[in-house]
Amino acid sequence: MRRTRGGADLRQWAELVLPWLPPPDLTAAACTCKALSRVAKSVSSRRASDAARGLERHPIPFLDPTGDDQPYSYFLYTRFPVLALFPPAPSAQPWGGDPDKNRILDASSLAVFASPITGSGAGCGCNVCAPLAVGDYGRCPCSSPKMGSFSGSNAGNGTDLMTECGTNCSCGVECVNRLTQRGVSVKLRIVKDRKKGWGLHAAQFIRRGQFVCEYAGEFLTTEEARRRQRTYDELACGGRLHPALLVVREHLPSGKACLRVNVDATKVGNVARFVNHSCDGGNLSTVLVRNSGSLLPRLCFFAAKDVVDGEELSFSYGVADLTKQGLLPCFCGSSCCVGRLPSEET
(Lines give C-alpha, C1' and ligand atoms only; values in the text may rest on other atoms or scores of the structure.)
Protein backbone atom coordinates (compact mmCIF):
# COMPACT_ATOMS: atom_id res chain seq x y z
CA MET A 1 0.00 0.00 0.00
CA ARG A 2 2.79 2.42 0.84
CA ARG A 3 4.41 1.82 -2.51
CA THR A 4 1.09 2.44 -4.33
CA ARG A 5 0.36 5.59 -2.35
CA GLY A 6 3.90 6.85 -2.98
CA GLY A 7 3.48 6.28 -6.71
CA ALA A 8 0.18 8.13 -6.71
CA ASP A 9 1.71 11.03 -4.79
CA LEU A 10 4.60 11.20 -7.25
CA ARG A 11 2.23 11.28 -10.21
CA GLN A 12 0.11 14.04 -8.63
CA TRP A 13 3.25 16.05 -7.94
CA ALA A 14 4.46 15.51 -11.51
CA GLU A 15 1.11 16.60 -13.00
CA LEU A 16 1.44 19.88 -11.09
CA VAL A 17 5.12 20.58 -11.75
CA LEU A 18 6.00 19.17 -15.17
CA PRO A 19 3.66 21.49 -17.17
CA TRP A 20 5.84 24.40 -16.02
CA LEU A 21 9.10 22.93 -17.34
CA PRO A 22 10.77 23.93 -20.63
CA PRO A 23 11.62 21.03 -23.00
CA PRO A 24 15.20 20.34 -21.76
CA ASP A 25 14.07 20.08 -18.14
CA LEU A 26 11.02 18.04 -19.13
CA THR A 27 13.28 15.59 -20.97
CA ALA A 28 15.59 15.36 -17.96
CA ALA A 29 12.64 14.62 -15.66
CA ALA A 30 11.37 11.93 -18.04
CA CYS A 31 14.70 10.10 -17.79
CA THR A 32 14.52 9.67 -14.02
CA CYS A 33 11.78 7.04 -13.73
CA LYS A 34 8.87 5.42 -15.60
CA ALA A 35 6.21 7.36 -13.70
CA LEU A 36 7.71 10.74 -14.64
CA SER A 37 8.31 9.50 -18.17
CA ARG A 38 4.59 8.75 -18.60
CA VAL A 39 3.58 12.15 -17.24
CA ALA A 40 6.17 13.94 -19.42
CA LYS A 41 4.88 12.13 -22.50
CA SER A 42 1.33 13.21 -21.66
CA VAL A 43 2.48 16.82 -21.16
CA SER A 44 4.24 16.82 -24.55
CA SER A 45 1.13 15.39 -26.22
CA ARG A 46 -1.09 18.09 -24.75
CA ARG A 47 1.39 20.80 -25.74
CA ALA A 48 1.43 19.56 -29.32
CA SER A 49 -2.37 19.57 -29.41
CA ASP A 50 -2.69 23.32 -28.75
CA ALA A 51 0.00 25.98 -29.16
CA ALA A 52 -2.40 28.54 -27.66
CA ARG A 53 -2.52 26.64 -24.33
CA GLY A 54 -6.31 26.84 -24.19
CA LEU A 55 -6.26 30.64 -24.35
CA GLU A 56 -7.83 31.07 -27.80
CA ARG A 57 -11.32 30.19 -29.01
CA HIS A 58 -10.09 27.13 -30.93
CA PRO A 59 -7.12 24.84 -30.23
CA ILE A 60 -4.19 25.42 -32.61
CA PRO A 61 -2.32 22.13 -33.00
CA PHE A 62 1.23 21.42 -34.13
CA LEU A 63 1.48 18.99 -37.06
CA ASP A 64 4.82 17.57 -38.14
CA PRO A 65 4.62 15.58 -41.41
CA THR A 66 8.44 15.62 -41.62
CA GLY A 67 8.73 12.98 -38.88
CA ASP A 68 11.30 15.00 -36.93
CA ASP A 69 11.75 14.58 -33.19
CA GLN A 70 10.35 18.03 -32.29
CA PRO A 71 6.61 17.71 -31.53
CA TYR A 72 6.11 21.41 -30.76
CA SER A 73 7.86 24.78 -30.52
CA TYR A 74 8.27 26.10 -26.99
CA PHE A 75 7.49 29.73 -26.08
CA LEU A 76 5.45 31.71 -23.55
CA TYR A 77 1.99 32.51 -24.88
CA THR A 78 0.36 35.92 -24.71
CA ARG A 79 -2.87 36.82 -26.49
CA PHE A 80 -1.98 40.52 -26.61
CA PRO A 81 1.19 42.65 -26.68
CA VAL A 82 3.08 43.15 -23.42
CA LEU A 83 5.83 45.54 -22.39
CA ALA A 84 9.18 43.78 -22.02
CA LEU A 85 10.19 45.58 -18.84
CA PHE A 86 6.96 46.82 -17.26
CA PRO A 87 5.40 44.58 -16.22
CA PRO A 88 8.28 42.05 -16.51
CA ALA A 89 7.78 39.15 -18.90
CA PRO A 90 6.97 35.90 -17.11
CA SER A 91 9.87 33.48 -16.75
CA ALA A 92 7.58 30.44 -16.70
CA GLN A 93 4.06 29.51 -17.71
CA PRO A 94 2.14 26.24 -17.40
CA TRP A 95 1.60 24.41 -20.67
CA GLY A 96 0.47 20.85 -21.00
CA GLY A 97 -1.58 20.76 -17.82
CA ASP A 98 -5.22 21.68 -17.19
CA PRO A 99 -6.31 24.23 -19.86
CA ASP A 100 -8.84 25.78 -17.46
CA LYS A 101 -6.06 26.49 -14.96
CA ASN A 102 -3.96 27.97 -17.77
CA ARG A 103 -6.65 30.55 -18.43
CA ILE A 104 -6.51 31.73 -14.85
CA LEU A 105 -2.72 31.74 -14.57
CA ASP A 106 -2.06 33.67 -17.78
CA ALA A 107 -2.62 37.29 -16.75
CA SER A 108 -2.36 38.53 -20.35
CA SER A 109 -5.67 36.84 -21.15
CA LEU A 110 -7.51 38.85 -18.50
CA ALA A 111 -6.86 42.36 -19.83
CA VAL A 112 -6.55 43.57 -23.40
CA PHE A 113 -3.96 46.22 -22.64
CA ALA A 114 -1.89 46.91 -19.54
CA SER A 115 -1.95 50.52 -18.35
CA PRO A 116 1.65 51.37 -19.44
CA ILE A 117 0.61 50.91 -23.08
CA THR A 118 -2.25 53.39 -22.85
CA GLY A 119 -1.91 57.13 -22.93
CA SER A 120 -4.60 59.69 -22.16
CA GLY A 121 -8.05 58.85 -20.87
CA ALA A 122 -9.60 59.44 -24.29
CA GLY A 123 -12.43 57.14 -25.28
CA CYS A 124 -15.96 57.17 -26.62
CA GLY A 125 -19.07 57.26 -24.45
CA CYS A 126 -21.05 54.94 -26.69
CA ASN A 127 -22.96 52.19 -24.94
CA VAL A 128 -23.39 50.49 -28.30
CA CYS A 129 -21.19 51.68 -31.16
CA ALA A 130 -22.96 52.10 -34.49
CA PRO A 131 -22.37 49.29 -37.01
CA LEU A 132 -19.91 50.35 -39.67
CA ALA A 133 -20.41 50.16 -43.40
CA VAL A 134 -17.86 50.28 -46.20
CA GLY A 135 -16.75 53.88 -46.63
CA ASP A 136 -18.73 55.00 -43.55
CA TYR A 137 -16.97 56.00 -40.34
CA GLY A 138 -20.16 55.63 -38.32
CA ARG A 139 -21.25 57.75 -35.38
CA CYS A 140 -18.59 56.52 -32.93
CA PRO A 141 -15.57 58.88 -32.77
CA CYS A 142 -13.26 55.85 -32.40
CA SER A 143 -14.51 54.06 -35.51
CA SER A 144 -12.88 53.48 -38.88
CA PRO A 145 -14.03 51.68 -42.04
CA LYS A 146 -14.55 47.94 -41.75
CA MET A 147 -12.07 45.69 -43.52
CA GLY A 148 -14.17 45.38 -46.68
CA SER A 149 -12.88 48.80 -47.79
CA PHE A 150 -9.19 47.91 -47.53
CA SER A 151 -7.32 47.19 -50.74
CA GLY A 152 -6.37 43.67 -49.71
CA SER A 153 -3.14 43.91 -51.67
CA ASN A 154 -0.88 45.98 -49.46
CA ALA A 155 1.39 43.29 -48.04
CA GLY A 156 4.95 44.28 -48.79
CA ASN A 157 3.90 47.62 -50.29
CA GLY A 158 2.54 49.44 -47.26
CA THR A 159 0.38 49.10 -44.18
CA ASP A 160 -3.26 50.10 -43.83
CA LEU A 161 -4.45 51.97 -40.75
CA MET A 162 -7.62 51.59 -38.70
CA THR A 163 -8.84 52.72 -35.28
CA GLU A 164 -10.86 50.90 -32.66
CA CYS A 165 -12.36 51.56 -29.26
CA GLY A 166 -9.97 51.32 -26.30
CA THR A 167 -9.86 50.55 -22.59
CA ASN A 168 -11.47 53.87 -21.63
CA CYS A 169 -14.47 53.47 -23.91
CA SER A 170 -17.86 52.62 -22.42
CA CYS A 171 -18.56 49.70 -24.77
CA GLY A 172 -17.66 46.09 -24.02
CA VAL A 173 -15.38 43.59 -25.75
CA GLU A 174 -18.20 42.42 -28.06
CA CYS A 175 -18.47 45.91 -29.56
CA VAL A 176 -18.38 45.86 -33.38
CA ASN A 177 -15.52 48.35 -33.20
CA ARG A 178 -13.29 45.92 -31.27
CA LEU A 179 -12.85 43.42 -34.08
CA THR A 180 -9.18 42.65 -33.37
CA GLN A 181 -9.46 42.53 -29.57
CA ARG A 182 -11.14 39.16 -29.11
CA GLY A 183 -8.15 37.01 -29.98
CA VAL A 184 -7.91 34.46 -32.78
CA SER A 185 -11.37 33.51 -34.01
CA VAL A 186 -10.49 31.45 -37.12
CA LYS A 187 -9.24 27.87 -37.05
CA LEU A 188 -5.50 27.51 -37.62
CA ARG A 189 -2.80 24.87 -37.42
CA ILE A 190 1.00 25.02 -37.23
CA VAL A 191 2.70 22.76 -39.76
CA LYS A 192 6.38 21.93 -40.06
CA ASP A 193 8.28 22.09 -43.36
CA ARG A 194 11.73 20.56 -43.80
CA LYS A 195 13.20 23.80 -45.17
CA LYS A 196 11.10 26.60 -43.66
CA GLY A 197 10.49 25.06 -40.25
CA TRP A 198 7.16 25.75 -38.56
CA GLY A 199 4.55 27.74 -40.49
CA LEU A 200 0.99 28.88 -39.83
CA HIS A 201 -1.74 27.32 -41.99
CA ALA A 202 -5.46 27.90 -42.34
CA ALA A 203 -7.65 25.11 -40.96
CA GLN A 204 -10.80 26.51 -42.54
CA PHE A 205 -11.83 28.75 -45.43
CA ILE A 206 -10.95 32.39 -44.63
CA ARG A 207 -12.63 35.03 -46.73
CA ARG A 208 -10.86 38.09 -48.08
CA GLY A 209 -10.82 40.93 -45.54
CA GLN A 210 -11.41 38.64 -42.54
CA PHE A 211 -9.36 39.26 -39.39
CA VAL A 212 -6.88 36.43 -38.76
CA CYS A 213 -4.67 37.39 -35.79
CA GLU A 214 -2.43 40.11 -34.47
CA TYR A 215 1.32 39.97 -34.01
CA ALA A 216 1.59 39.71 -30.23
CA GLY A 217 4.87 39.78 -28.35
CA GLU A 218 7.05 42.08 -26.27
CA PHE A 219 7.17 45.79 -27.07
CA LEU A 220 10.86 46.78 -27.03
CA THR A 221 12.80 50.01 -27.10
CA THR A 222 14.85 50.42 -30.27
CA GLU A 223 18.06 50.05 -28.26
CA GLU A 224 16.90 46.75 -26.77
CA ALA A 225 15.60 45.55 -30.15
CA ARG A 226 18.98 46.15 -31.78
CA ARG A 227 20.80 44.42 -28.91
CA ARG A 228 18.56 41.37 -29.19
CA GLN A 229 18.82 41.35 -32.99
CA ARG A 230 22.61 41.08 -32.81
CA THR A 231 22.28 38.11 -30.47
CA TYR A 232 19.57 36.50 -32.59
CA ASP A 233 21.64 36.88 -35.78
CA GLU A 234 24.54 35.00 -34.20
CA LEU A 235 22.30 32.19 -32.94
CA ALA A 236 20.29 31.98 -36.17
CA CYS A 237 23.42 31.57 -38.30
CA GLY A 238 24.30 28.54 -36.20
CA GLY A 239 20.80 27.11 -36.57
CA ARG A 240 20.20 27.37 -32.83
CA LEU A 241 17.34 29.89 -32.96
CA HIS A 242 14.53 31.05 -35.22
CA PRO A 243 13.95 34.68 -34.15
CA ALA A 244 10.60 36.44 -34.47
CA LEU A 245 11.50 40.10 -33.94
CA LEU A 246 9.38 42.37 -36.14
CA VAL A 247 10.07 46.07 -36.75
CA VAL A 248 7.13 48.21 -37.92
CA ARG A 249 7.52 51.80 -39.07
CA GLU A 250 4.48 54.06 -39.00
CA HIS A 251 5.01 57.17 -41.13
CA LEU A 252 3.68 60.37 -39.62
CA PRO A 253 1.53 62.84 -41.63
CA SER A 254 4.50 65.16 -42.12
CA GLY A 255 6.31 62.44 -44.04
CA LYS A 256 9.61 63.56 -42.44
CA ALA A 257 9.68 61.08 -39.59
CA CYS A 258 8.17 57.79 -38.54
CA LEU A 259 7.26 55.94 -35.38
CA ARG A 260 9.24 52.72 -35.01
CA VAL A 261 7.53 49.89 -33.13
CA ASN A 262 9.54 46.80 -32.18
CA VAL A 263 7.63 43.62 -31.32
CA ASP A 264 9.61 40.55 -30.27
CA ALA A 265 7.69 37.25 -30.28
CA THR A 266 10.78 35.05 -30.04
CA LYS A 267 10.25 34.03 -26.42
CA VAL A 268 6.87 35.61 -25.59
CA GLY A 269 4.24 35.74 -28.32
CA ASN A 270 1.23 34.16 -29.97
CA VAL A 271 0.65 32.04 -33.08
CA ALA A 272 1.48 34.94 -35.43
CA ARG A 273 5.16 34.25 -34.67
CA PHE A 274 4.88 31.27 -37.06
CA VAL A 275 3.76 33.31 -40.10
CA ASN A 276 6.49 32.94 -42.72
CA HIS A 277 7.78 35.45 -45.27
CA SER A 278 6.77 35.42 -48.93
CA CYS A 279 8.58 37.50 -51.53
CA ASP A 280 5.34 38.00 -53.49
CA GLY A 281 3.61 39.68 -50.52
CA GLY A 282 1.76 36.58 -49.36
CA ASN A 283 -1.94 36.26 -48.62
CA LEU A 284 -2.08 38.47 -45.51
CA SER A 285 -2.47 42.25 -45.34
CA THR A 286 -0.78 44.09 -42.49
CA VAL A 287 -2.91 46.66 -40.69
CA LEU A 288 -1.77 49.00 -37.91
CA VAL A 289 -4.60 49.25 -35.39
CA ARG A 290 -4.78 52.17 -33.00
CA ASN A 291 -7.03 51.90 -29.98
CA SER A 292 -8.50 55.02 -28.45
CA GLY A 293 -6.17 56.25 -25.70
CA SER A 294 -3.33 53.89 -26.65
CA LEU A 295 0.20 55.16 -27.21
CA LEU A 296 1.39 52.23 -29.31
CA PRO A 297 -0.26 50.74 -32.40
CA ARG A 298 -0.81 47.00 -32.80
CA LEU A 299 0.05 45.07 -35.95
CA CYS A 300 -2.85 42.91 -37.14
CA PHE A 301 -3.21 40.49 -40.05
CA PHE A 302 -6.24 40.34 -42.35
CA ALA A 303 -6.74 38.01 -45.30
CA ALA A 304 -5.62 39.81 -48.48
CA LYS A 305 -7.51 37.27 -50.58
CA ASP A 306 -9.68 34.21 -50.06
CA VAL A 307 -7.65 31.52 -48.27
CA VAL A 308 -8.59 27.85 -48.58
CA ASP A 309 -8.34 25.19 -45.89
CA GLY A 310 -4.75 23.93 -45.68
CA GLU A 311 -3.15 26.97 -47.34
CA GLU A 312 -0.09 28.46 -45.63
CA LEU A 313 -0.44 32.03 -44.35
CA SER A 314 2.35 34.44 -45.23
CA PHE A 315 3.23 38.11 -45.68
CA SER A 316 6.22 40.16 -46.76
CA TYR A 317 8.80 40.94 -44.08
CA GLY A 318 10.19 43.67 -46.31
CA VAL A 319 12.62 43.89 -49.24
CA ALA A 320 15.89 41.96 -49.00
CA ASP A 321 19.04 43.98 -49.57
CA LEU A 322 21.09 41.48 -51.56
CA THR A 323 24.25 43.56 -51.09
CA LYS A 324 24.27 42.75 -47.37
CA GLN A 325 26.22 39.81 -45.99
CA GLY A 326 24.80 37.13 -43.73
CA LEU A 327 21.19 37.15 -44.97
CA LEU A 328 19.32 33.93 -44.22
CA PRO A 329 18.03 31.88 -47.19
CA CYS A 330 14.40 32.24 -48.24
CA PHE A 331 12.36 29.14 -49.14
CA CYS A 332 9.01 30.80 -49.85
CA GLY A 333 8.79 29.15 -53.28
CA SER A 334 7.08 32.11 -54.97
CA SER A 335 7.84 32.89 -58.61
CA CYS A 336 9.57 36.13 -57.58
CA CYS A 337 11.61 34.69 -54.69
CA VAL A 338 14.99 36.45 -54.38
CA GLY A 339 16.50 33.63 -52.34
CA ARG A 340 17.25 35.68 -49.22
CA LEU A 341 15.16 36.88 -46.28
CA PRO A 342 14.93 40.61 -45.49
CA SER A 343 17.06 41.83 -42.61
CA GLU A 344 15.96 43.98 -39.66
CA GLU A 345 17.29 47.18 -41.28
CA THR A 346 14.89 47.03 -44.27
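This section describes aromatic pairs, charges over rings and one cysteine in a predicted model.

A pair of aromatic rings is described by the distance of the centres and the angle of the planes. With rings paired when their centres lie within 6.5 Å, the count comes to twelve aromatic pairs. One of these joins Phe 62 and Trp 198, with ring centres 5.1 Å apart and planes at 70 degrees. The pair is edge-to-face because this angle of 70 degrees falls in the class of planes over 60 degrees apart. Distant parts of the chain are linked by the pair, as Phe 62 belongs to strand β1 (residues 62-63) and Trp 198 to strand β6 (residues 197-202), 136 residues apart. Phe 62 and Trp 198 are both buried.

The two residues also belong to one aromatic cluster, formed by Phe 62, Tyr 72, Tyr 74, Phe 75, Tyr 77, Trp 95, Trp 198 and Phe 274. Arg 53 lies over the face of Phe 75, 5.9 Å from the ring centre, and Arg 273 lies over the face of Phe 274, at 5.0 Å from the ring centre.

Cys 258 is located in strand β10, which spans residues 258-264. The relative accessibility of Cys 258 is 34%, so this residue counts as partly exposed, the class between under 20% for buried and over 50% for exposed. Val 248 and Cys 258 are separated by ten residues in sequence, and their C-alpha atoms are 9.7 Å apart in space.

How values were computed
Residues numbered from 1 in each chain as written. Predicted model: local features only at pLDDT ≥ 70, side-chain atom pairs only at ≥ 80, totals over all residues. Heavy atoms only, no water. Phe/Tyr/Trp six-rings, centres within 6.5 Å; stacked < 30°, edge-to-face > 60°. Helix = DSSP H or I, 4+ residues; strand = E, 2+ residues; numbered from the N terminus. Buried < 20%, exposed > 50% of the residue type's maximum accessible area, 1.4 Å probe, protein only. Lys NZ or Arg CZ within 6 Å of the ring centre and 35° of its normal.
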